[in-house]
Amino acid sequence: MSPTDSRAGHDPVRARISETLTGPLAALGLDVEAVELSSAGRRRLLRVAVDQDGGVRDQDLVAASRVASDALDATDVMGDAPYTLEVTSPGVDRPLTLPRHWRRNQGRLVRISLAGGETLTGRVGPAGETSATIEVGGSPRVVDYDDVEKAIVQIEFNRREEVS
């Protein structure tokens, strides 16, 4: 699996864009999570999702936009046609596909579909490179990433923070 959006590997242009942006954005402490390129009338829309440990703030997005624009302008990856660059943070509906996604969502409720058809809902605990511990019904369960078909963070509107 690619360190960025796994779908970018199927599209050579998106893969090149991702490769062009990964280094400069990593220098800001940001990971390229997704690259989407679509048509918007005569222009193209390039949407780049970035993330980092601790979350992305507005000032991170501003800095990332400048760095991404400079990196793209220094290459021919976007060609001559005009485009609009939009740098965003990933939405909560982004599937957890990489170890860093699991690590960044510790404490969050997640719904996991496992190979073989089993579905779990629990809180993400400690997350390593190959597996995460999920608190399911008060009991810890180790889930290997290779066994996960899909994992999505669940939105909780009325969650009360636990008091230590």
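Residues are numbered from 1 along each chain as its sequence is written, and side-chain values use heavy atoms, with hydrogens and water left out. Because the model is predicted, local features need pLDDT of at least 70 and side-chain atom pairs count only at pLDDT 80 or more, while totals for chains, interfaces and linings use all residues.

Helices (H or I, at least four residues) and strands (E, at least two) are DSSP runs, numbered from the N terminus. Two strands are said to pair if DSSP finds at least two bridges between them.

Strand 1 (residues 31-40) and strand 2 (residues 43-51) are antiparallel, joined over 9 bridges; here Ser38 has Leu45 of strand 2 as its bridge partner. Strand 2 and strand 3, by contrast, run parallel and are joined by 6 bridges, with Leu46 standing opposite Leu85 in strand 3.

The hairpin of strand 1 and strand 2 has 2 residues between the strands, and Gly41 takes a positive phi near 70° there. Gly41 counts as exposed because its relative accessibility is 74% (buried means under 20% relative accessible area, exposed over 50%, partly exposed in between, with a 1.4 Å probe and protein chains only).

Helix 1 (residues 12-26) has 15 residues and reaches 21 Å from its first C-alpha to its last, close to the 21 Å expected at 1.5 Å a residue; the expected span is 1.5 Å times one less than the number of residues. The buried residues of helix 1 include Ile17, Leu21 and Leu25. Among the elements covering the buried residues of helix 1 are strand 1, strand 2 and helix 2 (58-73), where contact means heavy atoms within 4.5 Å.

A second open sheet has 5 strands in the order 7-6-5-4-8, with antiparallel pairing. Strand 7 (139-144) and strand 8 (148-153) stand at the edges with a single partner strand each, so one side of each is left without a neighbour in the sheet. Strand 4 (residues 109-114) pairs with strand 8 over 5 bridges in the antiparallel sense, and Val110 has Val153 of strand 8 as its bridge partner.
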